Amino acid sequence: MELTELLEIAEKEISQTKTLQIRCCTAAGCLSANSQAVKDHLDAAVKAAGLEDIVQVSGVGCMRLCCQGTLVQVDNAGNSTLYEKVKPEDAEAIINGEKENLQECDLNQPFFTAQFPIVLENSGKIDPERIQSYIAAGGYQALYQVLREMKPNQVVETISKSGLRGRGGAGYPTGLKWATVAKSPGEKKFVICNADEGDPGAFMDRSVLESDPHRVLEGMAIAAYAIGANQGYIYIRAEYAIAIRRLEIAIRQAQHLGLLGSQIFESPFDFKIDIRIGAGAYVCGEETALMASIEGKRGLPRPRPPYPAESGLWGYPTLINNVETLANIPSIIRKGADWFASIGTAKSKGTKVFALAGKVCNTGLIEVPMGTSLQQIVEEMGGGIPDDGIAKAVQTGGPSGGCIPASEFATPVDYESLSNLGSIMGSGGMIVMDQSTNMVDVARFFMEFCMDESCGKCIPCRVGTVQLHDLLSKFRQGDATPADLHLLEELCDMVKHTSLCGLGQSAPNPVFSTLRFFRDEYLALIR
């Protein structure tokens, strides 16, 4: 395929756009609110009214304000209206433009206006099951540019210059990781997309894959060209059935058009992508356990070094990036490293996608520039606490993160600032808590999660998380003594510094942060 053919597909798709566009969210969150029935009723209403020539109903990905699903957006002559809590019986009113009994969503509220979509720029706009829809939005042009106009080392330099850091949690510089794999000798190299999202309250990667799967495929192909790989794997948990189905469709469509496979864009570059489905073990989000699972072994972590960049999948150099990291790549190539580097803070460039959940009015998916304050996210975009409540804390980074008190909400959300507060960016889960939340309960909940998900390979994690959970339970039962508080702190330190992988090393973080900021709640429970 040549660029002219790609542009012809885009022009044809745009020319077929009908006067009235109706987009119905069919991401998992809205499907649970019966959005498929809403879409079916919209299709039936259009057919019954004989409006097939002027009205187009599309199933799209996440429209972000998940708490108000089912969401339906109507675009007519440049005017957009978003309806919330739509029911199947509302379909005819939407088609006829009868707004009286429909709930209209305010698109000018901070939840929408404060967002800066890069990763989510197509989410809720394109049909994730039609490659033509992605191409019409500029899809695969970055891959063409890379294969026809850039050398592999130039691609690596562009990503390095952009300042992009891994969005999976650790924040390792993406360009540096790519450069390391590119320089590593090996007759084979692999690219892996880590889509094993398992943090409680996190749904960012799932939403991206359900809404814009081709974006991730394009990012993987660009990464493969840059490091010299010809095979890629997407490792995704079985619970994400909709994401898996849409990825399978996207891969078949890309292969059909020659955008995956042999001699992509008439170049010498070959690249194939396969899906590997995980059973849902949280530890398989750790890169060495993930690779073991792909190889058909039990998903257990191993000591590092050697790192995957040198000896990864089947002993070959392997690049592992998460969904959001790869989804940033096409935009960086299209718009330039300087553009991306101009967004965010000095050390944390670009944007971050968060799953905003918990005791907050507006729950859903947000994408904001790095450096946006927690105050703006919780109070402005999130709409504050329901029933005029008062925020108490925010948990970031899932079980590996920490609890940040409301007194620190002026903190900018970036890697360094969150680390200074004893938390981490993580993959992007953000759970808001109000004054009714007991922070010892929060610490115990996350410790129970880590205890259940421990693979058991190393004793500090296998036994230490059980002992920590027992101690936290002792506090909640009112049986703890001052000696137990001292033991809790000592045991947390031991588990953190002696566990084999990131699961055990970060399991004490919620305890550390709640002891730091909410120590009085522990003291109040001591016998």
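Begin by selecting Val283, Pro301, Ser454, Cys455, Gly456, Lys457, Cys458, Cys461, Leu500, Cys501, Leu503 and Gly504, which line the largest cavity of this predicted model. A cavity is a set of points on a 1 Å grid over the protein atoms alone where a 1.4 Å probe fits but cannot get out, and lining residues have an atom within 4 Å of a point. Rolling a probe the size of a water molecule over the atoms shows where empty space is left. The largest cavity holds about 70 Å³ of space, a volume being the space filled by probe spheres set on grid points that are joined across faces, edges and corners. The count comes to one cavity of 30 Å³ or more. Its lining divides into eight nonpolar, three polar and one charged residue. Here Ala, Val, Leu, Ile, Met, Phe, Trp, Tyr, Cys and Pro count as nonpolar, Asp, Glu, Lys and Arg as charged, and the others, Gly among them, as polar.

Residues are numbered from 1 along each chain as its sequence is written. In this predicted model local features need pLDDT of at least 70 and side-chain atom pairs count only at pLDDT 80 or more, while totals for chains, interfaces and linings use all residues; side-chain values use heavy atoms, with hydrogens and water left out.

Next, show the whole chain. The protein chain has 23 helices and 14 strands; these are DSSP runs numbered from the N terminus, helices being H or I of at least four residues and strands E of at least two. Of its 527 residues, 59% count as buried, that is, under 20% relative accessible area with a 1.4 Å probe and protein chains only. The C-alpha trace spans about 75 × 65 × 40 Å along its principal axes.

Now select strand S14, residues 429–434. Six of its six residues are buried, so S14 is largely enclosed by the rest of the structure. In a regular strand the side chains alternate between the two faces of the sheet. On one side of S14 lie Gly429, Ile431 and Met433, and on the other Met430, Val432 and Asp434, all buried.

Strand S10 (residues 351–358) runs parallel to S14 and is joined to it by four bridges, with Ala357 opposite Ile431. Strand S12 (residues 391–396) pairs with S14 in the antiparallel sense over five bridges, and Thr396 stands opposite Met430.

Within S10, select Lys352. Lys352 counts as buried at 1% relative accessibility. Beyond its neighbours within four places in sequence, Lys352 is in contact (heavy atoms within 4.5 Å) with residues including Arg167, Glu324, Glu367 and Gly428. The C-alpha atoms of Lys352 and Gly428 are separated by 7.4 Å, although the two residues are 76 apart along the chain.

Just after H14, Gly336 takes a positive phi of about 100°.

Finally, turn to the second largest pocket, of about 760 Å³. A pocket is an open set of points with protein on both sides within 12 Å along at least five of seven lines. Of the 29 residues that line the second largest pocket, Arg23, Asp75, Gly124, Lys125 and Ile126 are the closest to its centre. The largest share of the lining, three residues, comes from S2.

Definitions and conventions: Buried < 20%, exposed > 50% of the residue type's maximum accessible area, 1.4 Å probe, protein only. Pairing = 2+ DSSP bridges.
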